[in-house]
Amino acid sequence: MSAAQAQDFAALRARMVAEVEAMYAETRFETGVAAMSPAVRAAIAKVERHRLVPPEQVALAYRNHPLPIGSGQTISQPYIVAISTDLIAPVAGHTVLEVGTGSGYQAAVLAEIVGRVYTIEIVEALGKRAAARLAELGYRNVEVRIGDGYAGWPEKAPFDGIVVTAAAPRVPPALLEQLRPGGRMVIPLGAEGAIQYLVVITRRADGGYDERRVLPVRFVPLVPGR
Ligand code: SAH
């Protein structure tokens with residue numbers, strides 16, 4: 001890539017950040033999030049989204065829109081990635097699980113902020129591609145596993161945060177169990193064809209869970225494995 005092209009992408013990325021910021025402002029009463037955190041802002045300003053989306057989507061990489069990534073899958077608009085990240089309140093020492101690696105973009109955004117990211121993808125071709133791209137981009141703190149995210153990743157649990165990026169009719173019990181007390185999970189909940197809501201679940205210190213609906217959303221379904 002030429003220096004001029006790199007500069008173009010940087011300019012498009014800056015515009016995307018501004019658009020995401022404006023959307024935070026529009027939705028702040030629904031989400032209860034007043035503004036994008038500096039950590040998330042820095043992460044989305046840095047991650048080279050154009051190197052994670054499929055080649056035919058490069059020109060659209062910095063639009064604040066969902067994009068097709070092949071295998072019938074779609075990645076969320078940057079705003080949803082940003083707000084999902086903010087909703088788990090990530091900090092540097094955290095270990096986070098993502099379900100639905102897709103392009104690897106959400107994993108990269110998380111990896112800019114937290115210590116370790118474990119991400120599970122059920123479609124082998126997508127998982128392998130994302131793992132290769134993330135390695136090329138230098139993310140050494142992300143591990144991709146091909147498998148069924150319903151079961152979580154028990155060997156690496158408990159997690160300080162969990163981000164589920166495909167919609168489920170209800171919260172997979174294994175994921176609840178793998179959340180550390182005080183930890184937060186973001187998950188789009190809703191039956192197929194029904195309205196979905198992005199929901200934040202906080203595991204309380206006493207073992208109970210608090211649940212809060214954040215936004216109506218549209219995600220591809222979490223497919224049951226096996
Ligand atoms: N977070 C991704 C976008 C995810 S789209 C990104 O930033 O690009 C949802 C992804 O979830 C798809 O790639 C889909 O294949 C995957 N998926 C669906 N069901 C799954 C399951 N049971 N376990 C793991 N991944 C699953």
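Trainee: How many bridges join E3 to strand E4, and do the two run parallel or antiparallel?

Mentor: Keep in mind that this model is predicted. E3 and E4 (residues 116-121) run parallel, and 5 bridges join them. Within this pairing, leucine 97 stands opposite tyrosine 118 in E4. Between the two strands the chain passes through H5, going from E3 to E4, and this β-α-β crossover is right-handed.

Trainee: Which strand is joined to E3 by 4 bridges?

Mentor: That is E6 (residues 159-164), which also runs parallel to E3. Here glutamate 98 stands opposite valine 163.

Trainee: Which residues of E3 lie on each side, and are they buried or exposed?

Mentor: In a regular strand, side chains alternate between the two faces of the sheet. In E3, Thr95, Leu97 and Val99 are on one side, with Val96 and Glu98 on the other. Both faces are covered, and 5 of the 5 residues in this strand (residues 95-99) are buried.

Trainee: Which side chain makes a polar contact with the side chain of glutamine 106?

Mentor: The side chain of threonine 85 does, at 2.9 Å. Leaving aside residues up to four places away in sequence, glutamine 106 touches several others, including Glu98 and Val163.

Key
Residues numbered from 1 in each chain as written. Predicted model: local features only at pLDDT ≥ 70, side-chain atom pairs only at ≥ 80, totals over all residues. Heavy atoms only, no water. Polar contact = N/O pair within 3.5 Å; in protein donor to acceptor, adjacent residues only side chain to side chain. Contact = heavy atoms within 4.5 Å. Buried < 20%, exposed > 50% of the residue type's maximum accessible area, 1.4 Å probe, protein only. Pairing = 2+ DSSP bridges. Right-handed = clockwise from strand over helix to strand, strands pointing away.
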